[in-house]
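Visitor: I am new to this structure, and I would like to learn how to read its features one at a time. Could you take me through them slowly?

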Amino acid sequence: MKHRLPQHCHWCGEEFLDTPGPGRPKRYCRSSHRQRAYEARRLGESRQLGPDEVIVSRRAWDALRDALYRLESAAEDVAVDLEAGTPTKSDYVQALAHLSEAVRQLQDVSVEPVAIGSD
Ligand SMILES: [Zn+2]
């Protein structure tokens, strides 16, 4: 039985299992993601972007930036709250809930490079 290795899709970032064998390791979790990555590369080349550059939508960029800002703010709030006085277990629980909510909002943000034919 072949050992399956966890990989991260180069398109969506989701973890998937690849079966080792001859040939290159899989880079994408599904063929549609391989296709969208190909189309995004083609679009980038047509706009003379470098191999490490991608085009993302303004909406996705704003959502990511906002979620990162909320996470940074939550981390600062928690640091200030826990450094003041002697935090109780309840303070830690509230801090963790506050941070977890900011992380959850960040996890809800989906940023994919714009591909030809995508909306
Ligand atoms: Zn994928």
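This is a predicted model: local features need pLDDT of at least 70, side-chain atom pairs count only at pLDDT 80 or more; totals for chains, interfaces and linings use all residues.

Visitor: Is Val 103 buried, partly exposed or exposed?

Guide: The general idea is to look at relative accessibility, where under 20% is called buried, over 50% exposed, and anything in between partly exposed. Val 103 has a relative accessibility of 35%, and therefore counts as partly exposed. Residues separated in sequence can also be compared in space: Val 103 and Ala 67 are 36 residues apart along the chain, while their C-alpha atoms are 8.2 Å apart.

Visitor: Where does Asp 108 lie, and how far is its C-alpha from that of Leu 64?

Guide: Asp 108 belongs to the segment that follows H3, and because its relative accessibility is 53%, it counts as exposed. Between Asp 108 and Leu 64 there are 9.4 Å from C-alpha to C-alpha, although the two are 44 residues apart in sequence.

Visitor: How should I read a helix such as H1, and which of its residues are buried?

Guide: The general idea is that an α-helix has 3.6 residues a turn, so residues three or four places apart point the same way. Helix H1, residues 31–46, has 16 residues and spans 23 Å from its first C-alpha to its last, which is close to the 22 Å expected at 1.5 Å a residue. Its buried residues are His 33, Ala 37, Glu 39, Ala 40, Leu 43 and Gly 44. These cover an arc of only 165 degrees around the axis, so they sit on the same side of H1. On the face turned away from that buried side are the exposed residues Ser 31, Glu 45 and Ser 46.

Visitor: How are strands E1 and E2 joined, and what lies between them?

Guide: Strand E1, residues 5–8, and strand E2, residues 15–18, run antiparallel and are joined by four bridges. Gln 7 stands opposite Phe 16 of E2, and Leu 5 has Asp 18 as its bridge partner in that strand. The two strands form a hairpin with six residues between them, and in its turn Gly 13 has a positive phi of about 85 degrees.

Visitor: Which residues of E2 are on its covered face, and which on its uncovered one?

Guide: In a regular strand the side chains alternate between the two faces of the sheet. In E2, Phe 16 and Asp 18 make up the covered face, whereas Glu 15 and Leu 17 make up the uncovered one.

Visitor: What is the volume of the largest pocket, and which residues are closest to its centre?

Guide: The largest pocket has a volume of about 370 Å³. It is lined by 19 residues, and those closest to its centre are Ala 37, Arg 41, Pro 51, Glu 53 and Val 54. By kind, the lining consists of eleven nonpolar, three polar and five charged residues.

How values were computed:
Residues are numbered from 1 along each chain as its sequence is written. Side-chain values use heavy atoms; hydrogens and water are left out. On a 1 Å grid over the protein atoms alone, a cavity is a set of points where a 1.4 Å probe fits but cannot get out, and a pocket is an open set with protein on both sides within 12 Å along at least five of seven lines; lining residues have an atom within 4 Å of a point. Grid points are joined across faces, edges and corners, and a volume is the space filled by probe spheres set on the points. Ala, Val, Leu, Ile, Met, Phe, Trp, Tyr, Cys and Pro count as nonpolar, Asp, Glu, Lys and Arg as charged, and the others, Gly among them, as polar. Two strands pair if DSSP finds at least two bridges between them. The expected span of a helix is 1.5 Å times one less than its number of residues. Buried means under 20% relative accessible area, exposed over 50%, partly exposed in between (1.4 Å probe, protein chains only). The arc is that of the directions from the helix axis to the C-beta atoms.
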